[in-house]
Amino acid sequence: MSDNSFKYRYAKGLSEFAYKSYTEEKERKDLLIRQSGSLLIAISVMTAFVGSILPLALQVLENIVETSTVLLFFLIIIIPLFIDFILSILILWRNKYNSLPFGSKYKEHINDNLENYQEDDSQFYYDLFSNITEAHESIAKANDTKANIAKAAHICLFVSIFAFLTSIFAIIIILI
């Protein structure tokens with residue numbers, strides 16, 4: 001087995017692995033965007049619940065608890081929901097990242113460096129690996145930022161749900 005044959009297979013394997021990893025990272029980006037859409041739906045549902053319960057709570061608790069206390073409870077629900085809304089929008093924001101070069105630019109690069117590619121069959125795959133890896137790292141960095149924002153958005157949503165359920169429980173306790 002020749003050394004060139006091994007280098008060729010090695011370089012080809014690396015570039016194939018890099019491409020698979022790159023496509024998985026692009027799928028992760030799409031998943032984060034879908035997750036943000038789900039968060040926005042949850043925010044809408046929570047806002048509808050809060051909006052429908054607030055007038056009822058104000059009316060039922062009118063003579064029992066001060067209006068400012070009821071509004072404070074609902075403010076504790078609304079603030080995390082508002083933060084969650086902003087974070088969900090930030091997840092949808094299109095981050096700038098490096099992508100793979102256009103085919104015409106890559107062809108031009110190969111034609112400009114044709115001697116290197118003719119001397120070493122594996123050079124094409126090494127260059128391909130390098131381009132894919134650069135794009136993958138750029139997308140991964142943007143996705144990591146979006147994933148951290150998604151975690152914060154989920155925490156805000158859960159805080160809001162907890163505050164909502166606590167408020168409902170408090171209203172029930174007060175009425176009993």
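Me: Which helix gives the largest share of the nonpolar patch?
Reply: That's helix α2, residues 67-92, with 6 residues in the patch. Bear in mind that this is a predicted model.

Me: OK, and which residues form that patch on the surface?
Reply: I33, F82, F85, I86, I89, L90 and L92. Together they have about 570 Å² of accessible area.

Me: Take F85 in helix α2. Why does F85 count as partly exposed?
Reply: Because its relative accessible area is 38%, and partly exposed covers the range between under 20% (buried) and over 50% (exposed).

Me: Now V70, also found in helix α2. Buried or exposed?
Reply: V70 is buried, because its relative accessibility is 5% and the cut-off for buried is under 20%.

Me: What does V70 touch, leaving out residues up to four places away in sequence?
Reply: L54, A57, L58, L61 and V65.

Me: Switching to the core: which residues have the most contacts inside the largest one?
Reply: M46, V70, F74, I77 and L81, in a nonpolar core of 22 residues. Two or more residues each come from α1 (3-60), α2 and α5 (123-175).

Me: Which element gives the most to this core?
Reply: α5, with 8 residues. There's also a second, separate core of 6 residues, including Y22, Y97, A135 and I139.

Terms used
Residues numbered from 1 in each chain as written. Predicted model: local features only at pLDDT ≥ 70, side-chain atom pairs only at ≥ 80, totals over all residues. Heavy atoms only, no water. Patch = residues over 30% accessible without salt bridge, like charges linked within 9 Å, V, L, I, M, F, W, Y side chains within 5 Å. Areas by Shrake-Rupley, 256 points an atom, 1.4 Å probe, with all protein chains shown as cover. Salt bridge = Lys/Arg side-chain N within 4 Å of Asp/Glu carboxyl O. Helix = DSSP H or I, 4+ residues; strand = E, 2+ residues; numbered from the N terminus. Buried < 20%, exposed > 50% of the residue type's maximum accessible area, 1.4 Å probe, protein only. Contact = heavy atoms within 4.5 Å. Core = buried A, V, L, I, M, F, W, Y, C linked by side-chain atoms within 4.5 Å.
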